[in-house]
Amino acid sequence: MCGIIGYVGRNSVLDILLDGLKQLEYRGYDSSGVALKCGDKIEVYKAVGKLNNLRDKLEPHRKNLLDAKMGIGHIRWATHGAPTIVNAHPQTCNCGRLVVVHNGIIENYKELRAKLEKEGCVFKSQTDTETVAHLVAQIYEKTQNLTQAVALATKELEGAYALAIMHNNEPNTLVVTKRNAPLVIGVADDGYYAASDVPAFIKHSNKAIYMKDNEIATLTPDSLTIQDGNGNEVTPKIEQLPWEPVALSKMGYKHFMLKEIHEQPDVIRNILTGKLHTSDSPIVLEEVKLTKDILKNLSRIQIIACGTSLHAGMIGKYLIESLCQIPVDVEASSEYIYRDTVTDKNTLVIGVSQSGETADTLTAIRQAKAKGSHVLIITNRPDSAMAREADSLLSVNAGIEVSVAATKSYIAQLTSFYLLAIYLAEVKESANKEDLIKLKSEMLAIPQKIEQILSHKDDIQNCAKKYSGTRDFIYIARGINYPTALEGALKLKEISYINATGYPAGELKHGPIAMLDDTMPVLSVLMHGRVYEKILSNSEEAKARNARMIALTNSIDPKLDDLFEYIIRVPEVDDMLSPLIAIVPLQLIAYYIAEFLGKDVDQPRNLAKSVTVE
């Protein structure tokens, strides 16, 4: 949530900041602002709502701002205080000479605020960030050195933060620092960039320094120095970024979400490349350090994740228990971290996160690691904080995902769980070799089957249009596709704001069946396999209560025509692999319903792409 961009160099900063914020919109926000060093003063502009509101506010002043070559910008998702001009970032000290932008939460801000108010500071906003501005400014008056003031101030801060700070007395100096929040520095010939994520500056630089916790970087147009938490200068590691600006283009699609849904076949191919060569060769996972001896001593596996990643973990549980005969627990990170951490050296802990920066999951894996557990991370960001904590790493290689609603990163996580489960079964020798060969052979064909769905999506679009007027929606499934029902419902909730809920089909009669009438659509994930007849029976129960029945199925059974009002058919696939196929039409249904309703598909209200606070 929230995004930071900063620049100091030899180019005009205004459009660098605005474009950088534009590239960070996927993180979620409800206000925005910039501060620019213009001549002998710092100019601050802020707006509520979309970034265009800030652009409109800046436009009358554009000519006077183009000479500025240093500045910071921010998109804010409200935590402390409502989304208002006063609460938007940048925040300033009383005299206005110091400005700061901040991602994260200062946990002890109330105590610091009370102390600062007693010392004469006057607060204007409700934010925790304004506390940082006053604190650093107060120390600066004594030190007259911005880097030193930031170093001393951060020793008093508790919580999570990524900070970018300027002071009017130091016209060519930008100071940035972080703790438990992402911050990366871009290195370019024209100067230096600082941002929450590399899309903010990838157009200008493909060289990056990933800052470590408590490091403080001092940036000028011609120099970069970094010191650790003890004040010792450190030599930064400059990494080459693999991304290209074209990845941030919609490439002709109306929304990033639709583009990313269509990228899923190639995402799966990219993950399989180098890991699954042929159906009769073993899975290769070089960064997974789980030997046969380690596996022999494992008593259980814990999967920890949030949101969409949690649903991928639930399918991972099904796969690992089926193929490896190891008990697996799946838990929401936000619950895991607030109870006793019951884990040990004989427990494998798998953390799953698209961004690798999810605060709850990061805290959870650190707790597990402190207890001696082997930590394996599944993430789309091998450069993330979570990846750096990992004993084993499984990078999903989905590329930049701009739309807030996860699609291609979900299917990448699923594919990674399939590879991991088969890999563990091969190392542990816990599954029939012929069954694994068949599974791997079918996995290689999955991208082509998804392409078949995407090339015949008119039927899905018509289905979405037919049910776009509903206020509620129920998804049901059993077995390995119960998480598919949860994820399908989540997608619809996220971007259309329809009250959608996923249930195990057998649980309908234990309460939810009371909701069924002729206004309630019920979508059954009805894939061939061991629970097919059971879900069919549950669907008949729902139909008997006059529910509007929809089937997502690979069956051609003619009796379905009488039971279901609408049928979406997908290619035949092994029951164990069916979640990879079934999720794509559910993503498209959510997308098209939201589009018909005129919703902001890529940036749904109240949501953030990367949730970096607990």
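Reader: Where is the place of Pro90?

Author: Pro90 sits in the loop between E4 and strand E5 (91–92). Helices (H or I, at least four residues) and strands (E, at least two) are DSSP runs, numbered from the N terminus. This is a predicted model, in which local features need pLDDT of at least 70 and side-chain atom pairs count only at pLDDT 80 or more, while totals for chains, interfaces and linings use all residues. Residues are numbered from 1 along each chain as its sequence is written, and side-chain values use heavy atoms, with hydrogens and water left out.

Reader: Is the peptide bond from His89 to Pro90 cis or trans?

Author: The bond from His89 to Pro90 is cis, and its omega is near 5 degrees.

Reader: Turning to the sheet, in what order do the eight strands come?

Author: The order is E3-E2-E4-E1-E10-E9-E11-E15, in an open sheet with antiparallel pairing. Two strands are taken to pair if DSSP finds at least two bridges between them.

Reader: Which strands stand at the edges?

Author: The edges are strand E3 (41–48) and strand E15 (239–240). Each has a single partner strand, so one side of each is left without a neighbour in the sheet.

Reader: How many bridges join E2 to E3?

Author: Eight bridges join E2 to E3, and the two run antiparallel. Within this pairing, Val48 in E3 is the bridge partner of Ser31. E2 and E3 form a hairpin with two residues between them, and Gly39 in the turn has a positive phi of about 60 degrees.

Reader: And over how many bridges do E2 and E4 pair?

Author: Strand E2 (residues 31–38) pairs with strand E4 (residues 70–76) over six bridges, again in the antiparallel sense. In E4, Gly71 is the bridge partner of Leu36, and His74 is that of Gly33.

Reader: How many residues of E2 are buried?

Author: Eight of the eight residues of E2 are buried, so the strand is largely enclosed by the rest of the structure. Buried means under 20% relative accessible area, exposed over 50%, and partly exposed in between (1.4 Å probe, protein chains only). In a regular strand the side chains alternate between the two faces of the sheet. For E2, both faces are covered, with Ser31, Gly33, Ala35 and Lys37 on one side and Ser32, Val34, Leu36 and Cys38 on the other.

Reader: What does helix H1 lie across?

Author: Helix H1 (residues 14–23) lies across strand E1 (3–9), E2, E4 and strand E10 (191–195), at about 155 degrees to E1. Axes are lines fitted to C-alpha atoms, for helices over the stretch in contact, and angles run from 0 to 180 degrees between N-to-C directions. Contact means heavy atoms within 4.5 Å. Helix H2 (residues 51–58) lies across E2, E3 and E4, running at about 135 degrees to E3.

Reader: Is H1 mostly covered or uncovered?

Author: H1 is mostly covered, with eight of its ten residues buried. Among them are Leu14, Ile16, Leu17 and Asp19. The buried residues of H1 pack against E1, E2, H2, helix H3 (62–65), E4 and E10.

Reader: On another pair, at what angle do H5 and H6 pack?

Author: Helix H5 (residues 129–143) and helix H6 (residues 146–154) pack at about 130 degrees, with their axes 8 Å apart. They are therefore oblique to each other. Angles under 35 degrees count as roughly parallel, over 145 as roughly antiparallel, 65 to 115 as roughly perpendicular and the rest as oblique.

Reader: What is found in the loop between H5 and H6?

Author: Gln144 is found in that loop. Gln144 has a positive phi of about 55 degrees although it is not a glycine, and it is partly exposed, with a relative accessible area of 45%.

Reader: Lastly, how far apart are the end C-alpha atoms of H17?

Author: The end C-alpha atoms of helix H17 (residues 482–496) are 21 Å apart, which agrees with the 21 Å that its 15 residues should span at 1.5 Å a residue. The expected span is 1.5 Å times one less than the number of residues. In H17, 13 of the 15 residues are buried, so the helix is largely enclosed by the rest of the structure.
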